[in-house]
Amino acid sequence: VYAMCKWFEDNYDKFRDKHLWNEYMTFDSLMEEIPHTFFPLHDGLVEYLKDKGVWTDLMAKRNKRNIDLVDRYIEFSRETYDLADEKRIWVHSRNPKYLEFWENQLEKSGLPRFRMFLGLEDDD
């Protein structure tokens, strides 16, 4: 990922006109999105940003929070799948009974929902 980020930044002029969406494949666009994302950032991207001198403590704090939340959801998912199996509920995204079970378990868990952030200071 580090090499890909560097390549995109170094070669933007070579590919920017090849597709309409490439307009947003810039380093500036990336930096504009980081404060809003709930996705954990790849270690290679983090290292690239550190090497460029733009990685901040607020970015690190947000990224850790995002990683922790994803880890909590992974554990929650495993537990919920197992519990659904025990209750003989078919675990499938098209099964309304399972979807209701999932939502009830999620509500009981107290896990926050994923959401876009307004900025890096938006950390409630």
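**Close-up views of a predicted model**

**View 1. The residue that follows helix α6.** Just after α6, Gly-110 adopts a positive phi of about 80°. The model shown in this and the other views is predicted.

**View 2. Helix α6 and its start.** Helix α6 covers residues 96-109, 14 residues in all. From its first C-alpha to its last it reaches 20 Å, close to the 20 Å expected at 1.5 Å a residue. At the start of α6, the backbone nitrogen of Lys-97 has a side-chain oxygen of Asn-95 within 3.0 Å.

**View 3. The two sides of helix α6.** Tyr-98, Phe-101, Trp-102, Gln-105 and Leu-106 are the buried residues of α6. Seen down the helix axis, these residues fall within an arc of 135°, so they line one face of α6. They pack against α5, residues 57-86. On the face turned away from the buried side, α6 carries the exposed residues Pro-96, Lys-97, Glu-100, Glu-107 and Lys-108.

**View 4. Tyr-73 in helix α5.** Tyr-73 is part of helix α5. Its relative accessibility is 10%, under the 20% limit, so Tyr-73 counts as buried. Leaving aside neighbours within four places in sequence, Tyr-73 is in contact with Leu-106, Leu-111, Pro-112, Arg-113 and Phe-114. A separation of 10.0 Å lies between the C-alpha atoms of Tyr-73 and Ser-109, which are 36 residues apart along the chain.

**View 5. Arg-62 and the backbone of Pro-35.** Arg-62 also belongs to helix α5. With a relative accessibility of 3%, Arg-62 counts as buried. A polar atom of the Arg-62 side chain lies 2.8 Å from the backbone oxygen of Pro-35.

**View 6. The nonpolar cores.** The largest nonpolar core has 12 residues: Cys-5, Phe-27, Met-31, Ile-34, Leu-41, Leu-45, Val-46, Tyr-48, Leu-49, Trp-55, Met-59 and Leu-120. Helices α3 (27-33) and α4 (43-52) each supply at least two residues of this core, and the largest share, 4 residues, comes from α4. Not counting residues up to four places away in sequence, Leu-45 touches Val-1, Cys-5 and Leu-30. A second, separate core has 10 residues, including Ala-84, Ile-89, Trp-102 and Leu-106.

Note on methods
Residues are numbered from 1 along each chain as its sequence is written. This is a predicted model: local features need pLDDT of at least 70, side-chain atom pairs count only at pLDDT 80 or more; totals for chains, interfaces and linings use all residues. Side-chain values use heavy atoms; hydrogens and water are left out. A nonpolar core is a set of buried Ala, Val, Leu, Ile, Met, Phe, Trp, Tyr and Cys residues joined through side-chain atoms within 4.5 Å. Buried means under 20% relative accessible area, exposed over 50%, partly exposed in between (1.4 Å probe, protein chains only). Contact means heavy atoms within 4.5 Å. The expected span of a helix is 1.5 Å times one less than its number of residues. The arc is that of the directions from the helix axis to the C-beta atoms. A polar contact is a pair of N or O atoms within 3.5 Å; within protein, one must be able to donate a hydrogen and the other to accept it, and residues adjacent in sequence count only if both atoms are side-chain atoms.
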